[in-house]
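Here are some notes to go with the model, written for reading with the structure open. Have a look at it, then work through the points below.

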Amino acid sequence: MASRLLFQARPLSHCRSLRTCVRWQTTVSNDSKKLIAPRNGLLDPFFEQQPKTIGQYPRKTAQDVASLKTPPTRTRMLSRDFIDDCLYNPNYGYFSKQAVIFSPEMDFDFTELRDHLEFMDVLARMYKDIEGEIDEVDEVARQVWHTPTELFKPWYGYAVAKYMVSEYKLNLYPHKDLIIYEMGAGNGTLMMNILDYIRTYEPSVYKRTQYNIIEISGKLAERQSQSQDVRDVTEQHTCVKIINKSIFDWDIHVPDECFFLGMEVIDNFAHDVIRYDMETLQPYQALVSIDDKGDYTELYEPVGNDALISRYLATRKQTRYKSPILSRQLWHKFLQLLPLAPNMTQPEFIPTKLFLFLETLKKHFPHHRLILSDFSELPDAVEGVDGPVVQTRYRGTMVPCSTYMVQPGWFDIFFPTNFEVLREMYLLVCRGTRAGSDKSVKVLTHRDFCERYGDIERTTTRSGENPMLMYYENMKFLIS
């Protein structure tokens, strides 16, 4: 599948159905001499709105505004804090009120379907029904999105379970327990499918299994618990513990050897935005300035006063990766010859919260085995290197946006992951080694993983097509 959502609307250049206006200001008050606004080039003066002086606002983090009932104003935030607040604020954040994870009531019997087109038709009818129910509540409604865990249950979860059990039996069984941590477990479907597989096919391993869910959303944590409650008591899994907490607030040391799962989670980890000075290539970090009317301005300051951004860039320098932007020096020199040339490069979105997650693993889960899966590329993304898809749903239509600076709580903001760079960063942070020196850390495509560990016959249609292998071609795995 090309996107988190099944059906895509025609792309729009901006999102004016809700107030999300972005002003590219050029006048900054004297208190902020180091702050600059990006000038995009020759056409800027014709499209720029009436400039005004940007006032002096205090800088705040997502944690600072977590208790607010409405989005902040007269504030400056690093781009990652702004995005984090948009998605996770407990009162108005997207995941607090908008997200609905599509989960078919009955598992698909793929062997009875004609081909993948019939599967899509059945899925489309189910989507129409659930979105119709939502539209009756509100025309600016909750978004419904799907994951391979839900569409291909239980077989996708069985594949993950088969991988973990095979590795566990090879290295730990029978001397140690099978300990699993899953962050962001959604509806709890993956947890149920994994434990069902182990209980059915590996009963001796099941007796030694512990399953822990780390869930930031109180509503989803409750839903995960309910996924057990609807079952007969004899079918419930008593080895499950649900911890309603953000992984970034985790403070418990786990010395045990364990598996750590993150399936379709890291795409919503907030990113920072950096640009480079066109002449010196010095990196600048983005701030979102929010005025008293709730309008946004993107400003930039030299990298250096945020420890997380600095640590990320310093670690990335040790890898073989070079930003595509830094490879365009001849183009940048040409642009500087033009009248009113841009003063900064295109933006680059850097996964600072993902980097912080790796540091958390290193500190609190030193003996983990990691299984991550998510998007490696996305269509209709915001301009820039590794730019996100920003979208909302309005009157039954998906509306993609051209900026991440949108009304908090109404928009899903999700990023692609460069898994090859992630592998190198993971080795440096968690293993203390460089790329090439540790063959146990692998990047696999979604198809490769499913072919190795999935029950391919059970997800094959009568025509011989296999939707579990055909869809989600833009997803990859990192396993260690």
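Where is Pro154 found? Pro154 sits in the loop between helix 5 (148-151) and helix 6; helices here are DSSP runs of H or I with at least four residues, strands are runs of E with at least two, and both are numbered from the N terminus.

1. Ground rules. This is a predicted model, with local features needing pLDDT of at least 70 and side-chain atom pairs counting only at pLDDT 80 or more, while totals for chains, interfaces and linings use all residues. Residues are numbered from 1 along each chain as its sequence is written, and side-chain values use heavy atoms, leaving out hydrogens and water.

2. The chain as a whole. The protein chain has 15 helices and 17 strands. Of its 480 residues, 56% count as buried, where buried means under 20% relative accessible area, exposed means over 50%, and partly exposed is in between (1.4 Å probe, protein chains only). The chain exposes about 21,500 Å², and carbon and sulfur atoms supply 50% of that; the areas come from the Shrake-Rupley method with a 1.4 Å probe, and for residues only the protein chains shown count as cover. Looking at contacts with a separation of 6 or more, 77% are between residues 24 or more positions apart; contact means heavy atoms within 4.5 Å.

3. Two cis prolines. Most residues other than glycine have a negative phi, and most peptide bonds are trans. The bond from Lys153 to Pro154 is cis, with omega near 0 degrees. The bond from Tyr173 to Pro174 is cis as well, with omega near 0 degrees. Pro174 is in the loop between helix 6 and strand 4 (178-183).

4. Two positive phi values. Leu281 is not a glycine, yet its phi is positive, about 60 degrees. You'll find Leu281 in the loop between strand 8 (272-276) and strand 9 (283-290), and it is partly exposed, with a relative accessible area of 24%. Asp380 also has a positive phi, near 55 degrees. Asp380 is in the loop between strand 12 (368-375) and strand 13 (389-394), and at 33% relative accessibility it counts as partly exposed.

5. Helix 6 against helix 7. Two packed helices are described by the angle between their axes and the distance between the axes. Helix 6 (residues 155-171) and helix 7 (residues 189-201) pack at an angle of about 55 degrees, with axes 8 Å apart. That makes helix 6 oblique to helix 7. The axes are lines fitted to C-alpha atoms, for helices over the stretch in contact, and angles run from 0 to 180 degrees between N-to-C directions. Angles under 35 degrees count as roughly parallel, over 145 as roughly antiparallel, 65 to 115 as roughly perpendicular, and the rest as oblique. On the helix 6 side, the contact includes Gly157, Tyr158 and Met164, and on the helix 7 side it includes Leu190, Tyr197 and Tyr201. The contact residues divide into ten nonpolar, two polar and two charged; Ala, Val, Leu, Ile, Met, Phe, Trp, Tyr, Cys and Pro count as nonpolar, Asp, Glu, Lys and Arg as charged, and the others, Gly among them, as polar.

6. Helix 10 and its partners. Which residues of helix 10 (residues 307-316) touch helix 13 (residues 419-431)? Tyr312, Thr315 and Arg316 of helix 10 meet Met425, Leu428 and Val429 of helix 13. The two axes come within 10 Å and cross at roughly 105 degrees, so helix 10 and helix 13 are roughly perpendicular to each other. The axes of helix 10 and helix 12 also come within 10 Å, crossing at roughly 80 degrees, and these two helices are therefore roughly perpendicular to each other. Here Leu308, Ile309, Arg311, Tyr312 and Thr315 in helix 10 meet Thr352, Phe355, Leu356 and Glu359 in helix 12. That contact divides into five nonpolar, two polar and two charged residues.

7. Two leucines to click on. Leu361 lies in helix 12 (residues 352-364) and is buried, with a relative accessible area of 0%. Leaving aside neighbours within four places in sequence, Leu361 is in contact with Phe260, Pro366, His368, Leu370 and Cys430. Phe260 is 101 residues from Leu361 in sequence, with 8.9 Å between their C-alpha atoms. Leu326 is in the loop between helix 10 and helix 11 (329-336). Not counting residues up to four places away in sequence, Leu326 touches Tyr276 and Leu281.
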